[in-house]
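Student: I would like to learn how to read a fold from its coordinates. Can we go feature by feature?

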Amino acid sequence: MESPFRFAVNMLKEPESGGEWRSRCRRAEELGYDVILVPDHLGMPAPFPALVAAAEATTRPRLGTFVLNAGFWNPALLAREVTTTAALTGGRLELGLGTGYVRAEHERAGIPFLPPGGRVDHLARVAGELELSGALKGGEGSPAVPLLIGGNGDRVLRLAARHADVTAFSGGRFTGESVTVLTAEELAARVAAYRGFEEAAGRTAPAELNLLIQRVAVTEDPAAWAADFLPSAPYLTVEQILGLPIVAVGTVDGIAERFLALRERFGFSYFTVLDDAMETFAPVIALLRGR
């Protein structure tokens, strides 16, 4: 049985003021987004106060982090943030965690940037200690806080299979300081790897699968858009760019059909777009609501 769609917008732009931030969050609610998300990068909104303000401005959307850089956080202090924010958002909080990948941010913050294995170890420690602390279980009158874990590597995917209510795939591969995108075939292999873990196969209910959409463009000429995008991914052809799961380009009807196909092929039902595409993507949400 296919899972119902959920759509989220990740708010990368820092608030200009409290009023501007609340207005932007209300607009996301008006457009039909199910979740308002904030990232965890320097130069972008501070996650927890931004989510509390979003809760005060809206009534329906869930509110989440996409995703916290586990390397920035001490598990005990994070548990305190989660418990308080869950209460102040009326139980609408969803917590997203990842390993972190930007060395320059760690250097700027004076926090050690561990090698990949060390970053995964710390993510596992944070997820495990949050679970043990009870911060995700909710309290009296407050529902549990769903946990999302994002990444593509085997160890992170196994960790997500063990702990997460939502597994988020980035659609990119981080190699040192550069990022390359995953083709549909490569992403299919990552999803298959996740499903192959006994922790995923043995779940009583399957986890929700999320995909971050990096580019959205409504156009009658997708090939022209892809040709303009080609310098950003010179290792791909125009046809391969248009086939990337993280790209949603075409007519509104065509993009909606693409999301139906992504759900059927990969099992993705929860999609995130970036805030610069919030308005552009909204008609797609309207077409897919209830499907």
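**Reading the fold**

Tutor: Begin with overall size. A compact globule of 291 residues would have a radius of gyration near 19 Å, and the chain has 18 Å, which agrees. That radius is taken over C-alpha atoms, and the globule rule is 2.2 Å times the number of residues to the power 0.38. This is a predicted model: local features need pLDDT of at least 70, side-chain atom pairs count only at pLDDT 80 or more, and totals for chains, interfaces and linings use all residues. Residues are numbered from 1 along each chain as its sequence is written, and side-chain values use heavy atoms, with hydrogens and water left out.

Student: What does the chain contain, and what percentage of its residues is buried?

Tutor: The chain has 12 helices and 13 strands. These are DSSP runs, numbered from the N terminus: helices are H or I with at least four residues, strands E with at least two. Buried residues account for 51% of the 291. Buried means under 20% relative accessible area, exposed over 50%, partly exposed in between (1.4 Å probe, protein chains only).

Student: How do I read the faces of a helix?

Tutor: An α-helix has 3.6 residues a turn, so residues three or four places apart point the same way. Take α11, residues 252-266. Its buried residues are Ile-255, Ala-256, Phe-259, Leu-260, Leu-262, Arg-263 and Phe-266. Seen down the axis of α11, they fall within an arc of 165 degrees, so they line one face. The arc is that of the directions from the helix axis to the C-beta atoms. Turned away from that buried side are the exposed Asp-253 and Glu-264.

Student: Now strands. In what sense do β2 and β3 pair?

Tutor: Two strands pair if DSSP finds at least two bridges between them. β2 (residues 35-38) and β3 (residues 62-65) pair in the parallel sense over four bridges. Val-38 has Thr-65 of β3 as its bridge partner. β3 also pairs in the parallel sense with β5 (residues 93-98), over two bridges. There, Gly-64 is bridged to Glu-94 of β5.

Student: Is His-106 buried or exposed?

Tutor: His-106 is buried, with a relative accessible area of 1%. It lies in α4, residues 103-109. Leaving aside neighbours within four places in sequence, His-106 is in contact (heavy atoms within 4.5 Å) with Asn-69, Gly-71, Phe-72, Ile-111, Pro-112 and Phe-113.

Terms used
The expected span of a helix is 1.5 Å times one less than its number of residues.
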